[in-house]
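Colleague: I have a few minutes to go through this model with you. Can we start with the helix packing and then move to the ligand?

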Amino acid sequence: MSRPKARPVKRIAFAVAGAGAIAACVSMVLATSATAATTLGASAAEKGRYFGAAVAANKLSDTAYTTILNREFNSVTPENEMKIDATEPNQNQFNYTNADRIVSHARSRGMQVRGHTLAWHSQQPGWMQNMSGSALRSAMLNHVTQVTTHFRGQVVAWDVVNEAFADGSSGARRDSNLQRTGNDWIEAAFRAARAADPNAKLCYNDYNTDDWTHAKTQAVYNMVRDFKSRGVPIDCVGLQSHFNSGSPYPSNYRTTLSNFAALGVDVQITELDIEGSGTTQANTYRNVVNDCLAVARCNGITVWGIRDTDSWRASGTPLLFDGSGNKKPAYEAVLSALNTGNPTTPPPTTPGNTTPPPTTPPPTTPPPGGAGCSATVSVNQWTGGFVATVRVTAGSSTLTGWTVSLTLPGGATITNAWNANRSGNSGAVSFTNVSYNGSVAAGQSTEFGFQANGTGSGLTPTCTAR
Ligand code: XIL
């Protein structure tokens with residue numbers, strides 16, 4: 001995520017300044033660059049992560065709200081506008097008006113979008129609530145296909161299925177009309193989403209899956225492990241993480257994050273809110289951020305709203321800004337944890353994890369001939385822009401770091417990159433690994449991506465080991 005641009009007034013002052021003033025400006029810039037980031041998004045980006053908020057379309061006209069949104073966050077999740085009742089209010093009549101407003105607000109400011117959610121027992125339109133069996137199964141798959149197709153290239157990660165497991169000690173699936181179409185409804189939804197948008201990350205999202213010892217957490221873990229072993233397309237697990245006295249932040253949260261990550265999926269904290277106030281609330285927020293930073297594949301955090309008054313649980317004052325938009329102690333704790341945290345800390349060992357690690361499936365790409373590395377790119381183009389996903393594959397020996405270079409066609413400008421450090425944004429550009437994806441075993445692969453304006457035709461990446 002790029003840093004905020006210098007304000008025009010400063011650029012003008014610079015242009016008319018004399019040599020002495022230029023020297024002063026340069027030293028000021030140097031001093032600034034050595035200082036900690038001052039917003040959540042910029043600080044998270046320095047750690048190779050995003051920091052997002054749930055956004056409501058009807059608040060985009062509230063300038064106090066958008067001032068905070070635009071300043072602090074580099075990822076957005078529509079709070080309700082992509083849900084089934086919003087996007088398909090009548091069967092086969094799709095309405096994307098409010099979702100598109102949020103997407104365009106976010107993307108025009110360089111923020112990424114998480115899509116939420118495609119298949120869920122809740123917030124179904126009336127017509128779907130009344131369906132069952134194979135008719136419902138096809139309607140659900142059609143919904144997944146239509147919505148992911150509409151947002152292809154605009155949504156980086158989808159909560160494909162939301163809240164499919166029961167609370168309590170059963171570890172069973174939640175009963176719902178979707179569940180009654182057959183136990184394979186979840187994998188069917190993931191397959192449909194992958195087919196319609198091969199470049200979006202596909203997540204399973206749930207709540208009360210934070211405590212490693214809970215049956216629900218174990219049940220989701222076992223499903224993800226099963227999906228990975230059978231090749232069902234899943235890329236990430238979302239932990240909603242709505243914390244309050246009935247559902248407190250668990251001391252083994254980091255273990256949960258790292259155990260999911262060890263299955264070979266990204267882990268995202270998707271709907272964070274923590275009821276409380278003052279130092280107690282701030283400390284819990286700090287713990288959550290530190291836990292995410294400690295797990296390499298915990299690649300982003302989204303808070304479920306901006307100001308306390310925007311929260312679905314407003315009475316619990318669970319967010320980072322008060323109703324007047326002031327930063328709370330929880331905000332300061334999150335920012336300082338992001339700034340001081342060390343994301344290279346290896347994931348903790350997981351005592352109590354009695355589940356054997358999954359077997360690693362053989363690489364699908366044969367290792368290229370020599371040592372070194374190779375790179376391939378896939379481009380998802382839309383009118384005016386594209387997302388490129390670059391796959392780096394190690395040669396016959398383990399990589400400890402890599403650089404990928406490529407030349408963009410004239411007029412193409414990168415706005416945003418993830419899972420790599422970027423140098424340059426037009427013409428000849430290069431990317432190097434970040435802390436958590438430099439090490440790639442022989443024949444194995446890792447991916448990074450970038451988004452750009454313009455056309456992404458004819459990209460030819462080259463990879464060198466470093
Ligand atoms: C909530 C929204 O915040 C509310 O505005 C809406 O009335 C109900 O849904 N888990 C989820 C979210 O996955 O979609 C829910 O959002 C909160 C719980």
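Modeller: Helix H12 (residues 278-294) packs with helix H13 (residues 329-340) at an angle of about 25°, and their axes are 8 Å apart. That angle makes H12 roughly parallel to H13, where roughly parallel is the word for angles under 35 degrees. This is a predicted model, in which local features need pLDDT of at least 70, side-chain atom pairs count only at pLDDT 80 or more, and totals for chains, interfaces and linings use all residues. Residues are numbered from 1 along each chain as its sequence is written, and side-chain values use heavy atoms, with hydrogens and water left out.

Colleague: How are the axes and helices defined?

Modeller: Axes are lines fitted to C-alpha atoms, for helices over the stretch in contact, and angles run from 0 to 180 degrees between N-to-C directions. Helices (H or I, at least four residues) and strands (E, at least two) are DSSP runs, numbered from the N terminus.

Colleague: Is the crossing of H12 and H13 left-handed or right-handed?

Modeller: H12 passes H13 in a right-handed crossing; that is, the near helix is turned clockwise from the far one by less than a right angle.

Colleague: At what angle do H11 and H12 cross?

Modeller: At roughly 30°, with the axes coming within 9 Å. That makes H11 roughly parallel to H12, and H11 passes H12 in a right-handed crossing.

Colleague: And how far apart are the axes of H10 and H11?

Modeller: They are 10 Å apart, with helix H10 (residues 215-230) and helix H11 (residues 253-261) packing at an angle of about 15°. H10 and H11 are therefore roughly parallel to each other, and their crossing is right-handed.

Colleague: OK, ligand now. How many residues surround the ligand?

Modeller: 13, the closest being Glu79, Lys83, His116, Glu271 and Trp304.

Colleague: Which side chains have an N or O atom by a ligand oxygen?

Modeller: Among them is His116, with a side-chain N or O atom 2.7 Å from an oxygen atom of the ligand. For Asn80 the distance is 2.9 Å, and for Gln123 it is 3.2 Å. The protein covers 78% of the 420 Å² of accessible area that the ligand has on its own, by the Shrake-Rupley method with a 1.4 Å probe.

Colleague: Back to the backbone. Is the peptide bond from His116 to Thr117 cis or trans?

Modeller: That bond is cis, with omega near 0°. Thr117 is in strand S3 (residues 112-120).

Colleague: What is phi of Gln123?

Modeller: Near 50°, a positive value in a residue other than glycine. Gln123 sits in the loop between S3 and helix H7 (126-129).

Key: Near = heavy atom within 4 Å. Polar contact = N/O pair within 3.5 Å; in protein donor to acceptor, adjacent residues only side chain to side chain. Parallel < 35°, antiparallel > 145°, perpendicular 65-115°, else oblique.
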